[in-house]
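The stops below are given in the order in which to select them.

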Amino acid sequence: MNKPLRRVSVFCVLLILALLAWVTWLQGAKASTFTDDPHNPRVSIAKYANPLGNILVDGQPVTGSTATDGTLKNKRTYKDGPLYAPVTGFTSQIFGSNQLESLYGDLLDGSDSRLQNPGDALTRQRPKGGDVATTIDSKVQKAGYEALGNKTGAAVALDPATGKILGMVSTPSYDPGKFAGSGSGDQKAWQDLSADKKHPEINRALRQPLPPGSTFKLVVAAAALENGLYSSVDEATDSPDPYVLPGTRTTLKNESASAPCKNATIRTALQYSCNTVFAKMAADLGQDKVRAQAEKFGFNNGKLDTPVRAGKSLYPQGMDKAQTALSGIGQFDDTATPLQMAMVSAAIANGGDLQTPQMVDKLTDSGGNTLQQYAPKKYGKAVSQRTAEQLQSSMETVVNEGTGSKAKIDGLTVGGKTGTAQHGVDNEGTPYAWFVSYAKDGDGHQVAVAVMVEDSDAARSEISGGGLAGPVAKAMMKAALS
């Protein structure tokens, strides 16, 4: 073979080897990238080739599937869609998925490797989708949804002993079944949802931190007791009325001029929701001690998964003393989700032990066999047993003799704290109404609830945590322990 021909032959061999290496790399190392690419139509075709597994409440499916005439053979359906949308999220042939539908998408569509048996592996057949069993109690969920009604708001109910989320309500809500398919009607429903100025697509229970108002006074009271600023909830505080914010000429007053807030005990200050007491208490403690206590309850944690990621509840830093004082009454830049405030109440009700909130109980295959069981997980020690008992006693005084009287339930021990948070320039916005609470029966069962009403048809002068949010909490607590 002459030299030029030999060079051409070697070059061709190298090209063939390069092509073989490229094909091997594509089919091996890069195969999963193309297979899982959402723009690959085969992904959706495979996902909807068979009915999806279900999301369960009380062991019963609140989702389903129905056959279609298109390329995507099945689409998701929802039972009581608006009621459970804050729990399930949505899955759509066009718009993807979120929340539990997204997090457990592989299990629900059958592509999770844990669902495969040897026969499936040999035949390369996708097994039936598995199910996601939630911790939601249908009675609690329905009670909260019906009690919120046409109000814009949210509510969360927790089992303090386990962290299980018994109810998660967000209103207004939406029906995820209206855009689960790929037709023009589904696209129109999505456009309408996206254009709705009330933003029903937002999970307000998990993802919308707002000023917590006077409910944050529980955190400040806990910090005062834990740091020895006051020895008990019945010790008189050093609290002038009115109170001049440190370094300013701004006078902070109480909602009721006749309330006995001057030098009031923590019990009395919670009962009458005295701004002056807790503003000065926060300033006396200093922002670092208040922040440390808030973080023990879950504030400033941007990685709280239920397993759906919760919005970060914030206790700020870099404040001056006046700002620290305002933060002590749940104003300035404090923000909290209803989930976060339910965690505060749950820790107090549970003797100071805070459990990590969780919304999923177990994952199963299509035959009901357990693939993964979720056990309770301790978040941390929020306060001592003694501090928890002191705060429980004070919260029960709020319900029995104070601003939380509308949350009383015959036969149950109920503790609570009201809150009305101002917002907007010069507080011209409609106040947010809050209520955090817990209830216990005589058999050791308990529930903690936080409710936030962002907007309602009530007159501004009639907006209060006890009046608007309290009855919602009462309905959920009663449903949980009945």
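A cavity here is a set of points, on a 1 Å grid over the protein atoms alone, where a 1.4 Å probe fits but cannot get out; lining residues have an atom within 4 Å of a point. Grid points are joined across faces, edges and corners, and a volume is the space filled by probe spheres set on the points. By this rule there are 2 cavities of 30 Å³ or more.

The model is predicted: local features need pLDDT of at least 70, side-chain atom pairs count only at pLDDT 80 or more, and totals for chains, interfaces and linings use all residues. Residues are numbered from 1 along each chain as its sequence is written, and side-chain values use heavy atoms, with hydrogens and water left out.

**Whole chain**

Show the chain as a cartoon. It has 18 helices and 18 strands; helices (H or I, at least four residues) and strands (E, at least two) are DSSP runs, numbered from the N terminus. Of its 482 residues, 51% count as buried, where buried means under 20% relative accessible area, exposed over 50% and partly exposed in between, with a 1.4 Å probe and protein chains only. Switch to a surface: the chain exposes about 21,600 Å², and carbon and sulfur atoms supply 50% of it. That area comes from the Shrake-Rupley method with a 1.4 Å probe; for residues, only the protein chains shown count as cover. Of the contacts (heavy atoms within 4.5 Å) between residues at least 6 apart in sequence, 68% join residues at least 24 apart.

**The largest cavity**

Select Ala85, Pro86, Gln99, Ser170, Ser173, Tyr174, Pro200, Glu201, Ile202 and Asn203, which line the largest cavity. The space inside is about 50 Å³.

Stay on Gln99, in helix H5 (residues 99-103). Most residues other than glycine have a negative phi, and most peptide bonds are trans. Gln99 counts as buried because its relative accessibility is 14%.

Now select His199, in the loop between H9 and H10. His199 also has a positive phi, about 50 degrees, although it is not a glycine. With a relative accessible area of 34%, His199 is partly exposed.

**Aromatic pairs**

Colour Phe, Tyr and Trp. Rings of these residues (for Trp, the six-membered ring) pair if their centres lie within 6.5 Å; planes under 30 degrees apart count as stacked, over 60 as edge-to-face and the rest as tilted. The structure holds 7 such pairs. Select Phe90 and Trp190, an edge-to-face pair with 5.6 Å from centre to centre and 75 degrees between the planes. Phe90 lies in the loop between helix H4 (81-88) and strand S5 (91-92) and Trp190 in helix H9 (residues 184-195), so the pair ties together parts that are 100 residues apart in sequence.

Next, select Phe216 and Tyr315, a stacked pair at 5.6 Å centre to centre, with 5 degrees between the planes. Phe216 is in the loop between helix H10 (204-207) and H11, Tyr315 in the loop between H14 and H15, 99 residues apart. Phe216 is buried at 0% relative accessible area, and Tyr315 is buried at 1%.

**Cis peptide bonds**

Select Thr171 and Pro172; the peptide bond between them is cis, with omega near -5 degrees. Pro172 sits in the loop between strand S9 (165-171) and H9. Go on to Asp241 and Pro242, also joined by a cis peptide bond, with omega about 5 degrees. Pro242 is in the loop between H11 and S10.

**Helix H13**

Finish at residues 275-285. Of the 11 residues of helix H13, 10 are buried, so the helix is largely enclosed by the rest of the structure. Among the elements covering its buried residues are helix H11 (217-226), helix H12 (266-272), helix H14 (287-297) and helix H15 (321-327). Gly286 follows H13 and has a positive phi, near 90 degrees.

Terms used
1 Å grid on protein atoms, 1.4 Å probe; cavity = no way out; pocket = protein on both sides within 12 Å on 5 of 7 lines; lining within 4 Å.
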